[in-house]
Amino acid sequence: MKQELTSLIEQTLESLKQAGQLPADASPKIMVDNTKDKAHGDYASNIAMVSSKMAGMNPRQWAEEIVNALPDSPILKQAEIAGPGFINFFVTEAASFSVVETILDAKETFGHNDSGKGQSVQVEFVSANPTGPLHVGHGRGAAVGDCISRLLEANGWKVTREFYYNDAGAQIDNLALSVQARCKGLTPDDAGWPEDGYRGEYILDLANSFMNGDTIESADQSFTGTKDADDLEGIRHFAVAYLRREQDLDLKAFEVDFDVYFLESSLYADGKVEETVQNLIKNGYTYEDGGALWLKTTEFGDDKDRVMRKKDGGYTYFVPDVAYHQNKWQRGFKKVINEQGADHHSTITRVRAGLQALQAGIPEGYPDYVLHQMVTVMKGGEEVKISKRAGSYVTLRDLIDEVGRDATRYFLAARAPSSQLTFDIDLARSQSNDNPVYYIQYAHARICSILRKLESEGQSWDQHNGLSKLDRLEEDQEKLLANKLARFPEVVAIAGEQSAPHQVANYLHELASDFHGYYNNHKTIVEDQDLRDARIALTQAVRQVLFNGLYLLGIAAPEEM
């Protein structure tokens, strides 16, 4: 409807240009928004306020000229001027309710668009080190990253989901030493325990599995424990495979899948890290100082240059990241979105500087980043900080076990990633209207129950008749619902463009609220068949949009609760 109203305003401005009331080269930006108060119409525009100077009038006088010049249209019932020059539009009932047939025809594709034009985009998310179970922060990354991927697909992009395993470096060394210590019978409280060793109970499980000679099958590798506590290299391979399998199982329980698992170790094995370093040296963006090799990141906006190669010969962590992102570019991904924790903020400038210094034609600002803030878990009014299994943090599996997959996904995705999140376990478990995911799913189940009740009464719904009798829908709440349904494609488009799945969550909560209010005030199954069929058509359109929106969040749409 916004597009139709925008088109009407465009036609009006063109006619005013031809009448000499607006300069021929004027091209004001036309904005049409939903109103919050039905007394102000269904939609409103500030076009008179942004173009009045071009016309040489005050905004309110110019608004009157625009309203008087609006062409006749079957969608427009009335236009009014409000305040300093806003134009409020009242659309016809037929125009508002036409969305019901559109939704029922489009079904699962309603809300989709082809703005991505089938272009490839890679979304990298989770990318946890295989050093322990996934924590709740990884869970937020998994929920947000997967929802962004779903939104991009709904906006016509061809999405590749990728997980980058940091399976090289000091943390993997600490993991191997921790497992070896357990293999030798040490506990975290013993004097010989590694200084930075991992202390969770999963280390003991892992050590026992290695010493039992178990065979571990993970996504792309298999390894059998050698039962030799002195075989540190064998322990390293076994531990990585073991924890990769555990993380994969956690993600499957969360219904998050990946198309590509990329190993950091492969960048070293294939010589890509060394090749990257040599190219940066060749391009003149490095220098030696104090026994270390530095990258001139200040030439690309950083506040100081950064060490690439330490005195001991090891590379700092952002160097393989530069090699990895060049690899993404070489694989043809012109658009890349990295969903990561906010603790990665400092690496953004360094990675982008390294990519520019490679002089490989990679555009500035590549890749895009979505950073999520910390999650605080509360239960019984107190913060939950420790998982027995992980030893020092709450795991994703802990949350799924406590509140289920759907509630976990909703709560982790329903706030803007840039906002800190408090995950209230008691609220997420409650079956009340205060629990937003329960409230939305209940709206879907409630609509499904209407058809079951109709059938139990020996009646049926005639969709064709319902769509032909939409003019019987005369209640304000019915028009409110129709206008809310019409907003869904815009919500999907904006949420996809801004990598903001929380906007879908907020929309669904508003739609569920509007539906529950309507359901409580108006009977759907009435004696009048025409009115009954029309009302069921409207509620089925609501059900379809709830279903489509919940899918974008990776949440089930139950038919019964």
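A residue is called buried here when its relative accessible area is under 20%, exposed when that value is over 50%, and partly exposed in between (1.4 Å probe, protein chains only). Setting aside neighbours within four places in sequence, His-444 is in contact (heavy atoms within 4.5 Å) with Arg-543, Leu-546, Phe-547, Ala-557, Pro-558 and Glu-559.

All of this comes from a predicted model, where local features need pLDDT of at least 70, side-chain atom pairs count only at pLDDT 80 or more, and totals for chains, interfaces and linings use all residues. Residues are numbered from 1 along each chain as its sequence is written, and side-chain values use heavy atoms, with hydrogens and water left out.

Zooming out, the chain has 561 residues, of which 52% count as buried, and its secondary structure comes to 20 helices and 17 strands. Its C-alpha atoms fill a box of roughly 85 × 65 × 40 Å along the principal axes. Of the contacts with a separation of 6 or more, 70% link residues 24 or more positions apart.

As for the interior, a nonpolar core is a set of buried Ala, Val, Leu, Ile, Met, Phe, Trp, Tyr and Cys residues joined through side-chain atoms within 4.5 Å. The largest one has 91 residues, and Val-100, Val-126, Tyr-410, Phe-423 and Leu-485 have the most contacts inside it. Helix H20 (residues 529-552) gives this core its largest share, eleven residues. Another core, of 28 residues, lies apart from it and includes Tyr-164, Tyr-315, Val-322 and Val-351. Beyond four places in sequence, Val-126 touches Leu-134, His-138, Ala-142, Phe-163, Leu-251, Phe-258 and Glu-339.

Then there are the strands, which pair if DSSP finds at least two bridges between them. Strands E10 (residues 286-289) and E11 (residues 292-295) run antiparallel and are joined by four bridges. Across this pairing, Tyr-287 stands opposite Trp-294 of E11. Two residues separate the strands of the hairpin, and Gly-290 takes a positive phi near 60° there.

Back in the helices, Met-49 has its place in H2 (residues 47-55). Met-49 is partly exposed, because its relative accessible area is 31%.
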